Amino acid sequence: MLPPAALLLADTRLPAGGHAHSQGLEAAAAAGEVHDLPSLRAYTLGRLWTTGLTTAAMAAATLRACSAEGGADWAGLDAEAGARIASPVLRDVSRRLGRQLLRAATAAWPDPVLDGLAAALPGGAHHPVALGAAGAAAGLDDHAVAVCAGYLSVTEATGAAVRLLGLDPYGVARLVAGLLDEVEAAADEAAAPRALADLPCPSSPRLDAGAQDHATWEVRLFAS
Amino acid sequence: MIATAPAPPRAGTSRLRAEVRIVAEADGRGGTRFAVLRGAAPVSLRPTPDGLHLVASAAGPLGGDVVAIDVRVGADAALTVRTAAASLALPGRDGAPSAVTVTAEVGPGGSLRWLPEPLVAVAGCRHTASATVRLADGATLVWRDEVMLGRHGEPPGDVVTRLAVDVAGRPLTRHELRAGPSAPGWDGPGALGPCRAAGSLLVAGPGHRAGEPAVLSPTAATLPLDGPATLTTATAPDAPTLRRLLDTAHRPPR
């Protein structure tokens, strides 16, 4: 069972900054690659099983590390997370979202784990590391935080699609509901314990190139 | 008339377990010599002026095959590894997965250039090509991965390529590409897109200047990493276009 705290952690209304980011959808929509519900589904599915899975696996591993004797190796986790993000633009986005999430999580679930993270990484942690720490503070287990990561990967993209493309919100709700089994399956793979270096880390070359290009636009609705 | 029987296909039971070992050392006169050069069927090793060639002496990798390649490049030694031809990841009879795993270490001042021809992920294959590279401070690495997603006119089997590189014990990159029926959405706009070829080129080392990120095409970019390294990732409609995109980005470290 997913504990209620997961609902808040995966809620785009938690002031963690995610609403300002389209998960690459603004670039994909401008390129004409996402323009209707079927193409949105294909986009979201590919994103979930690449960067969504990578984020979920790092968040789950971070959550497990929080209960390690002597505490988590925050710098080591952060370096592993950064090594999974090839695009410099997306590394910056990840740090910004990590800082915002840590702030929101500290407000919602004050916890020595979050204080420890903030002290160890004064410049802020990458988003998956902050998400794992927030999950630990909220009392989730590694699978639950992986579900949150996968769900956010889906809903941030589909939410942006409603705003950018004016898609039928009922159709988008059906699309998201149809992807929940995929979210669960991705979380299953993400939460399987492994050494950090061996965690799944699929990447999306299109999202990397799209994010670099998007960052150069003069006018855009979303930060990434 | 006596018909000549075609060579029998390798039976499902003849799975290959191969361990290949390569140790290159500085020879003290500015060159490099091989301290160990041990091939194992199906991989034989041919030193040439252009680099060390890995030559596959059997079709494959075939489902069930497991090939481990261990490479050591000592301090101040330089090694270039190539393959004679594209390799074909083929399905086995019983659906068993195949794997080629490379473990490499490069010492200070050493250089490893890993420049194989593409891997072709034939329909029905289940193949993982995984590399773990540990660089000492001051070591240089050029690493190319290219995958053709199926032969002409066929969809690819399941293929995963993975590159994990550490520099002086710190993670530099963890980069994985997945394609095929077990990778949901892989050919959609959120992952690789409708391409026939995908790949990456990592250039890392002290002489390398990362420079500015560059978007080479809507599906290719040169991306400076945290560290003295650049990763170029690309998808393309065919192998020559992919190679061109990756070569464009390659500025050999001095």
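Which side chain meets that of B:Glu146 in a salt bridge of 2.8 Å, N to O? It is the side chain of B:Arg243, a salt bridge being a side-chain nitrogen of Lys or Arg within 4 Å of a carboxyl oxygen of Asp or Glu.

Before I go on, this is a predicted model, in which local features need pLDDT of at least 70 and side-chain atom pairs count only at pLDDT 80 or more, while totals for chains, interfaces and linings use all residues. Residues are numbered from 1 along each chain as its sequence is written, chains are lettered from A in the order in which they are written, and side-chain values use heavy atoms, with hydrogens and water left out.

Helices (H or I, at least four residues) and strands (E, at least two) are DSSP runs, numbered from the N terminus. B:Glu146 counts as buried at 6% relative accessibility, whereas B:Arg243, at 21%, is partly exposed; buried means under 20% relative accessible area, exposed over 50%, and partly exposed in between, with a 1.4 Å probe and protein chains only. B:Glu146 also meets B:Arg144 in a salt bridge, at 3.8 Å, N to O, and B:Arg144 is buried too.

In chain A, A:Arg64 forms a salt bridge with A:Asp142, the closest N and O atoms being 2.9 Å apart. Since A:Arg64 lies in helix H3 and A:Asp142 in helix H8 (residues 142-165), this pair ties together parts that are 78 residues apart in sequence.

Now to the interface, where 33 residues of chain B are in contact with 36 residues of chain A, contact meaning heavy atoms within 4.5 Å. Three salt bridges are counted between the two chains, and one of the pairs in such a bridge is B:Arg174 with A:Glu80, at 2.9 Å, N to O. On the side of chain B that touches chain A, strands S14 (170-179), S16 (214-217), S17 (220-224) and S18 (229-236) each supply at least two residues, and S14 gives the largest share, nine residues.
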